[in-house]
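Open the model in a viewer and keep the selection panel at hand.

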Amino acid sequence: MRTLIINGSPKSKNGNTEIFIKKFLKEMKAPHEICYAANEDKLQIANYMKQFDTVIVAMPLYIHAMPGIVMKLIECMEPAQDCGKSMGFIVQSGFMESVHSKYLERYLSSLTKQLNYTYLGTVIRGGSAGIYMMPEKMNKRLFKQLSTLGEYFERKGTFNMETVEEMAKPCKLSKGKSKLLQLLSGIGLGDNMFWNMMLKKNNAINEKLDRPFVDKLSD
Ligand SMILES: Cc1cc2nc3c(=O)[nH]c(=O)nc-3n(C[C@H](O)[C@H](O)[C@H](O)COP(=O)(O)O)c2cc1C
């Protein structure tokens, strides 16, 4: 089995998507290659992928959808001539609920069928915006899940659905947990801490409540 992994992050090798890919491939010995939608010609990638039995496209969720470069690449793809090829996806995102990636998942599943590939599934992981800056031990569970997925993929040629389900938790937060998180963010804890730190670092904390398009909308 030859596998092509496509990194669909606009941040290329410097993004969280790359970390996901590297951990997924950690234990993998079977032949595989990685290519980068951000740096390479989309038509060339779409043609090159025809040489592989399996394609995995890994990407971040941007504005509830796939990044534009992945869309461009998809527009270059042609249906496989021969049967027996398969395609899977890894989608990671900032918000912790995986439900945000569900519309994209539905699209990816139907796209795969239109391209005459077997759909291997979509690995979804929310709450991933900060992984590049967290110490290794805080990501230990995620990294273990990814390498387990990779090991299983190497043996069976597909994703382990138990791990996929585990990684997608929480799909939706319970009302109680939402309230608790709102409370924490009200006193400056939780996710807000991280975003405020980023805003301060970029001298943008005073503009954090700006709504630059509101005036234009009311015209
Ligand atoms: C322009 C932009 C739009 C984003 N939109 C969403 C979104 O709609 N939902 C979400 O959960 N995360 C969103 N995120 C967070 C990213 O999915 C998250 O930070 C991801 O880990 C980035 O991966 P990358 O470093 O490979 O680009 C967005 C990030 C950026 C930069």
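A residue counts as buried when its relative accessible area is under 20%, and as exposed when that area is over 50%, with partly exposed in between. The model on screen is predicted.

Select phenylalanine 89 first. Its relative accessibility is 1%, so phenylalanine 89 is buried.

Next, select tyrosine 48 and phenylalanine 52. Here the structure, which holds five aromatic pairs, shows an edge-to-face one, at 5.2 Å centre to centre with 70° between the planes. Tyrosine 48 is partly exposed at 29% relative accessible area, whereas phenylalanine 52 is buried at 1%.

Then switch to a cartoon of the protein chain. Which order do the elements follow from the N terminus? They run β-α-β-α-β-α-β-α-β-α-α-α-α-α, with nine helices and five strands. The radius of gyration is 19 Å, close to the 17 Å from the globule rule for 219 residues, so the chain is as compact as a globular protein of that length.

Finally, show the surface. The accessible area is about 13,000 Å², and carbon and sulfur atoms account for 55% of it. Of the 219 residues, 42% count as buried.

Note on methods: Residues are numbered from 1 along each chain as its sequence is written. This is a predicted model: local features need pLDDT of at least 70, side-chain atom pairs count only at pLDDT 80 or more; totals for chains, interfaces and linings use all residues. Side-chain values use heavy atoms; hydrogens and water are left out. Helices (H or I, at least four residues) and strands (E, at least two) are DSSP runs, numbered from the N terminus. The radius of gyration is taken over C-alpha atoms; the globule rule is 2.2 Å times the number of residues to the power 0.38. Buried means under 20% relative accessible area, exposed over 50%, partly exposed in between (1.4 Å probe, protein chains only). Accessible areas come from the Shrake-Rupley method with a 1.4 Å probe; for residues, only the protein chains shown count as cover. Rings of Phe, Tyr and Trp (its six-membered ring) pair if their centres lie within 6.5 Å; planes under 30 degrees apart count as stacked, over 60 as edge-to-face and the rest as tilted.
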